[in-house]
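This report looks at a strand and its neighbours, and then at a pair of helices. Please look over the sequence and structure before reading on.

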Amino acid sequence: MIKDTEVAMKDVELSEMDPEKQPMTGDGQAAAEKNGSVKLKVPEDEVAFTGLSKEELMKVAGTPGWVRTRFVLLILFWLGWVGMLAGAIVIIVRAPRCKPIPEINWWNEGPLYQIPDAKSFSDGIKGIEAKLDSINQLKVKGLVLGPLHSVQADQPSTLFLGEVDPNQGTKDELRSVLEKAHRKGISVMLDLTPNYLGSSSWFPPIKDDLEKVQAAAEYWFGLGVDGIKVSDLAAASASAEWSKLQAAVQTNSSQDGKKRALMGVVKNVSATGAQQLLNTSSVDLLLTDLVSTKMEGPVLMHTMDTLNSEQRSLGWGIGAVDREQLSKQATTPALIRLYHLLLFTLPGTPVFTYGDEIGLQSGQGSEPPKMIWDIENQAENKQRAELREWFISLSDLRGKERSLLHGDYYSLYSSATSLAFLRVWDQSERFITAVNWGTAPETFAFKLASTEVELPETAKVKVSTDENFKEDSDARLEKLTVAPGGALLLQFPHGV
């Protein structure tokens with residue numbers, strides 16, 4: 001009786017147990033279906049996919065259908081591969097070959113900036129160093145300094161090419177200019193013309209002067225100078241000692257991997273004479289006065305037709321031969337802009353004298369004009385600031401466009417007061433320069449002698465000083481009319 005009572009009591013306790021604590025038997029009793037309870041039904045047999053076994057796969061792979069399928073897929077793969085290879089070969093063969101880039105040296109990469117007298121800058125040579133940031137904004141690639149050496153006019157005994165005139169600065173200051181300019185990617189050339197203050201560029205006999213110039217060049221190259229410049233090249237290169245100066249420049253060029261430049265200046269020479277002088281003197285850069293405001297268009301066209309193949313050895317400047325400002329010949333802001341455009345787009349290296357970027361006027365008497373820097377903060381200098389921005393935009397464009405940097409030259413049109421030409425390089429953008437420095441409108445009837453290049457019907461206006469042509473507008477090339485003093489740079493793509 002006691003055991004039966006204990007069993008009955010356990011049954012009561014089990015029936016009163018919390019349903020969540022009761023064992024889940026899955027037998028479908030009503031007590032397991034109260035609120036809050038979960039009834040699960042676990043399948044007795046769970047089926048899992050295990051894939052085909054190795055034996056089954058090998059058995060299927062050997063069937064005729066699968067063998068044929070694999071064979072067809074293999075043929076399609078190789079046909080596609082061979083087709084892509086053949087297509088690539090056809091594209092390579094039929095694609096136009098790129099023209100090899102000519103040798104470009106630092107004096108070809110951008111304009112040169114002449115500073116003949118350091119006294120034109122505040123604090124002399126030290127002042128040049130202080131303004132290198134502003135000069136660098138002009139995108140110039142080289143400074144032509146001096147002459148800075150110590151000498152008295154027509155007195156050869158006072159010539160010291162390895163010394164700096166104390167009135168212009170010190171040797172240490174010049175070293176600082178070299179170091180800072182090089183950090184900014186600007187090369188520095190020294191003018192070593194011996195008798196630059198006298199009646200002629202060279203003291204007699206020239207042989208003695210050339211020996212001194214050679215020794216000075218080697219000395220300054222050792223201090224980091226990148227090139228030398230001499231005037232009256234025709235007289236100097238006729239001397240037997242000239243070859244020794246050439247050898248000194250070439251020897252120093254190979255010491256640190258950077259080529260040193262030998263620049264010569266000549267005046268009153270014809271295009272043919274300049275070509276002969278280039279061949280006999282073997283200078284790296286020849287600066288002439290063949291481009292001037294007094295020259296007529298047909299003469300300038302003949303000069304370019306004669307010399308354009310020598311463009312990597314030619315320097316162009318208006319007033320630069322005499323170390324004078326452009327404004328002495330180009331007397332209005334419009335003409336200054338026009339000649340800026342002309343010099344930046346001709347085949348060769350543009351050479352400017354300090355202040356040309358703002359239209360700086362020449363000084364009084366023999367004194368060089370003082371450079372003006374604070375133009376942005378003066379209302380009366382707004383015109384100068386605009387000229388400077390124009391200069392910078394052209395300098396930047398020339399450095400970026402291969403057609404302007406080292407492209408081929410083609411004459412298009414000329415008259416007594418106008419000139420137009422085309423610059424082309426391989427598959428790069430092409431440019432047409434059209435300038436009219438006359439006092440009346442000029443209608444350009446372009447005529448291209450070469451059959452290798454074709455002109456489109458229209459071209460886009462890249463830059464303009466003519467109010468009738470807005471930048472980025474289209475200009476029809478047939479009978480293009482340019483206003484007096486107007487300058488246009490037109491652009492069109494390869495293949496048009």
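Predicted model: local features only at pLDDT ≥ 70, side-chain atom pairs only at ≥ 80, totals over all residues.

**Strand E7**

Strand E7 covers residues 261-265, and five of its five residues are buried, so the strand is largely enclosed by the rest of the structure. In a regular strand the side chains alternate between the two faces of the sheet. In E7 both faces are covered. One side carries Ala261, Met263 and Val265, the other carries Leu262 and Gly264, and all of these are buried.

Strand E7 is paired with E6 (residues 227-230) and also with E8 (residues 285-288). The table lists both pairings.

| Strand pair | Bridges | Direction |
|---|---|---|
| E6 and E7 | four | parallel |
| E7 and E8 | three | parallel |

Lys229 has Met263 in E7 as its bridge partner, while Gly264 has Leu286 in E8 as its bridge partner. Together with helix H10 (residues 271-281), strands E7 and E8 make a right-handed β-α-β unit.

**Helices H7 and H9**

How do the axes of H7 and H9 cross, and within what distance do they come? The axes of H7 (residues 206-222) and H9 (residues 242-253) come within 9 Å and cross at roughly 5 degrees. Angles under 35 degrees count as roughly parallel, and H7 and H9 are therefore roughly parallel to each other.

On the H7 side the contact is made by Leu210, Val213, Gln214, Ala217, Glu218 and Phe221. These meet Trp242, Lys244, Leu245, Ala248, Val249 and Asn252 in H9. The residues of this contact divide into eight nonpolar, two polar and two charged.

Technical notes: Residues numbered from 1 in each chain as written. Heavy atoms only, no water. Axes fitted to C-alpha atoms, helices over the stretch in contact; angles between N-to-C directions. Helix = DSSP H or I, 4+ residues; strand = E, 2+ residues; numbered from the N terminus. Parallel < 35°, antiparallel > 145°, perpendicular 65-115°, else oblique. Contact = heavy atoms within 4.5 Å. Nonpolar A, V, L, I, M, F, W, Y, C, P; charged D, E, K, R; others polar. Buried < 20%, exposed > 50% of the residue type's maximum accessible area, 1.4 Å probe, protein only. Pairing = 2+ DSSP bridges. Right-handed = clockwise from strand over helix to strand, strands pointing away.
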